[in-house]
Amino acid sequence: MSTERLGSAEPVEQTEHVEQAGPDKHSGPDKHRGVAPSRSVRTVALLPVAAMAVTILLWASAFVAIRHLGPTVSPGALTLGRLTVGSLVLGAVLLTRREVWPRRADWPRLVAIGVLWFAIYNVALNAAEHRVDAGTAAMLVNIGPVLLALLAGMRLGEGFPRPLIVGSVIGFGGVVVIGVATSTGTQADVWGVVLCVVAAVAYAVAVILQKPVLARSSSLMVTWVACTVGVVVCLPFAPQLVSELGAAGPGSAAGVVYLGLGPTALGFTLWGYALARTNAGRLGATTYLVPPVAILLGWALLAEVPPVLALLGGGLCLVGVWVTRRPSR
């Protein structure tokens with residue numbers, strides 16, 4: 001297009017006409033389009049928070065259910081039972097959806113997640129609670145979020161923002177207060193302590209492996225694959241599961257089904273959804289809310305009145321998580 005054409009009067013007059021007519025014609029829709037995106041952005045930002053809130057409630061209820069089932073179902077059998085239910089439910093949901101199959105390069109990570117988090121973590125934690133009291137278990141297992149924050153800073157490039165460090169210290173301090181308040185004072189079994197530490201390390205490493213995979217596969221797919229791997233690893237406990245549930249009665253079977261449906265299938269899927277949309281270290285710190293919520297559920301469902309010191313520890317956990325959610329300067 002020539003310079004004379006660009007500088008002629010006729011195109012300028014047409015342009016002025018369009019500029020005058022445009023705002024009058026589209027003023028209403030423009031205003032509407034200016035409001036709608038802000039609302040949708042706000043909604044999208046709140047979805048991971050809501051997902052993690054439900055996850056915390058479900059995982060806290062799992063501690064109450066495990067404590068209730070402990071006398072009748074052994075740790076390995078309980079893990080196999082809940083993972084089997086979770087795998088079947090998630091598999092049925094996947095049949096109704098068109099999900100992208102994980103790429104070949106991600107399968108080693110998926111297998112490792114299933115072995116570490118879904119198998120080793122659950123078996124180790126369940127077994128540890130038979131050897132140490134609940135307070136000691138809570139203190140030891142909750143070194144997991146600290147390890148996760150350190151690994152996320154080093155391996156995922158998330159760094160070490162001050163609110164995360166300060167909030168994690170406060171949150172872990174709250175867990176320690178809860179542990180002291182709920183400890184029975186009995187001598188801790190050495191193997192029980194080892195099992196708690198193993199569970200914490202397995203959790204932290206599994207989350208670091210899970211974060212990159214969620215960028216390429218849905219949380220539903222990742223959770224189902226990892227859960228199914230956990231079922232395969234725990235298959236040696238199948239005879240125990242059948243015999244113990246047969247002797248325990250329908251109440252224990254219902255408890256295992258709940259653990260599979262709620263804390264396993266729904267809880268881990270929502271966790272993956274939130275993890276894909278936020279930093280691993282900050283999300284891991286929110287699990288400091290699990291012990292105080294578990295105490296409140298035990299109070300409401302099992303009539304276990306918590307000590308005042310435990311409630312104080314729960315308040316510290318809440319403050320710690322709030323600090324981790326503050327933006328860095």
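Helices here are DSSP runs of at least four residues, strands are runs of at least two, and both are numbered from the N terminus. With that in hand, let's walk through this predicted model. The chain holds 14 helices and 0 strands. How much of the chain is buried? Of its 329 residues, 44% are buried.

Now for how some of these helices sit against each other. Two packed helices are described by the angle between their axes and the distance between those axes. Start with helix H4, which covers residues 107-128, and helix H8, which covers residues 190-213. Their axes come within 8 Å and cross at roughly 155°. Angles over 145 degrees count as roughly antiparallel, so H4 and H8 are roughly antiparallel to each other. As for handedness, H4 makes a left-handed crossing as it passes H8.

Next, have a look at helix H3 (residues 75-95) and helix H11 (residues 250-275). Here the axes are 8 Å apart, and the packing angle is about 60°. That angle makes H3 oblique to H11, because roughly parallel needs an angle under 35 degrees and roughly perpendicular runs from 65 to 115. The crossing of H3 and H11 is right-handed.

Which residues make the nonpolar surface patch of about 610 Å²? The patch is built from Val146, Leu150, Met154, Phe160, Ile165, Val166 and Val169. Two elements each give two or more residues to this nonpolar patch: helix H6 (144-155) and helix H7 (162-182).

Methionine 154 belongs to helix H6. Is methionine 154 buried or exposed? Its relative accessibility is 57%, and exposed means over 50%, so methionine 154 counts as exposed.

Over on helix H7, find valine 176. This valine has a relative accessible area of 28%. Buried means under 20% and exposed means over 50%, with partly exposed in between, so valine 176 is partly exposed.

Technical notes:
Residues are numbered from 1 along each chain as its sequence is written. This is a predicted model: local features need pLDDT of at least 70, side-chain atom pairs count only at pLDDT 80 or more; totals for chains, interfaces and linings use all residues. Side-chain values use heavy atoms; hydrogens and water are left out. Patches are made of residues with over 30% relative accessible area and no salt bridge: like charges are joined within 9 Å, nonpolar side chains (Val, Leu, Ile, Met, Phe, Trp, Tyr) within 5 Å. Accessible areas come from the Shrake-Rupley method with a 1.4 Å probe; for residues, only the protein chains shown count as cover. A salt bridge is a side-chain nitrogen of Lys or Arg within 4 Å of a carboxyl oxygen of Asp or Glu. Buried means under 20% relative accessible area, exposed over 50%, partly exposed in between (1.4 Å probe, protein chains only). Axes are lines fitted to C-alpha atoms, for helices over the stretch in contact, and angles run from 0 to 180 degrees between N-to-C directions. A crossing is left-handed if the near helix is turned anticlockwise from the far one by less than a right angle, and right-handed if clockwise.
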